[in-house]
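Here is a short walk through one structure, written for someone who likes to look at side chains while reading. Have the viewer open and follow along.

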Amino acid sequence: MQQRGESLGNVHTDRLKDLLTAGSYLENICTTVGDIRKNNRKCGGCKWFEYCTGGCRALAYLYSGESKGLCGEDLTKCRFFENGWYEKTRDALSEWKNLSPVGIV
Ligand code: SF4
């Protein structure tokens with residue numbers, strides 16, 4: 001975020017109330033899964049979205065480029081699903097009970 005010139009503020013110099021009620025912090029925490037689905041075409045059309053929900057926001061922010069802002073896709077999760085790592089993990093742990101199976105693969 002610093003590299004992008006974005007700051008959540010500084011509790012040593014700014015009033016905590018101001019930091020929590022306005023600016024980047026509020027925008028960050030109020031971004032929803034629905035916002036990601038609506039604003040990111042790749043995630044919105046992804047068959048794994050129900051399980052992934054766009055992935056980790058920090059990794060998405062880091063890897064998917066500035067232009068996508070808070071709604072970028074988490075490329076590490078794309079690689080996980082697209083390269084069959086869900087199935088590989090499930091098969092490697094076959095003796096474990098999968099309590100939340102991905103139903104579409
Ligand atoms: S796998 Fe990638 S494209 Fe699909 S929902 Fe996750 S982050 Fe988005």
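The ligand is surrounded by Lys42, Cys43, Cys46, Phe49, Cys52, Gly54, Glu73, Asp74, Lys77, Cys78 and Phe81. Please keep in mind that this is a predicted model. The space that the ligand takes up is the largest cavity.

Which helix gives the most to the shell around the ligand? That is H7, with three residues. Helix H4 (41-44), helix H5 (49-52) and helix H7 (75-82) each supply at least two residues of this shell. Sorted by class, the shell holds six nonpolar residues, one polar residue and four charged residues.

**Aromatic rings**

One member of the shell, Phe81, also leads us to the aromatic side chains. A pair of aromatic rings is described by how far apart the centres are and by the angle of the planes. The count comes to two aromatic pairs, and here they are side by side:

| Pair | Arrangement | Centre to centre | Angle between planes |
|---|---|---|---|
| Trp48 and Phe81 | stacked | 5.5 Å | 20° |
| Phe80 and Phe81 | edge-to-face | 5.1 Å | 90° |

Trp48 lies in the loop between H4 and H5, while Phe81 belongs to helix H7, so their pair ties together parts that are 33 residues apart in sequence. Taken together, Trp48, Phe80 and Phe81 form one aromatic cluster.

Phe80, at 29% relative accessibility, counts as partly exposed.

**A charge over a ring**

Trp85 is worth a look as well. The charged end of Lys88 sits over the ring of Trp85, 4.1 Å from the ring's centre.

Which residue has a positive phi although it is not a glycine? It is Thr53, with a phi of about 50°. You will find Thr53 in the loop between H5 and helix H6 (57-63). Thr53 is partly exposed, with a relative accessible area of 28%.

Terms used. Residues numbered from 1 in each chain as written. Predicted model: local features only at pLDDT ≥ 70, side-chain atom pairs only at ≥ 80, totals over all residues. Heavy atoms only, no water. Near = heavy atom within 4 Å. 1 Å grid on protein atoms, 1.4 Å probe; cavity = no way out; pocket = protein on both sides within 12 Å on 5 of 7 lines; lining within 4 Å. Sits in = over half its atoms within 2 Å of the grid points. Helix = DSSP H or I, 4+ residues; strand = E, 2+ residues; numbered from the N terminus. Nonpolar A, V, L, I, M, F, W, Y, C, P; charged D, E, K, R; others polar. Buried < 20%, exposed > 50% of the residue type's maximum accessible area, 1.4 Å probe, protein only. Phe/Tyr/Trp six-rings, centres within 6.5 Å; stacked < 30°, edge-to-face > 60°. Lys NZ or Arg CZ within 6 Å of the ring centre and 35° of its normal.
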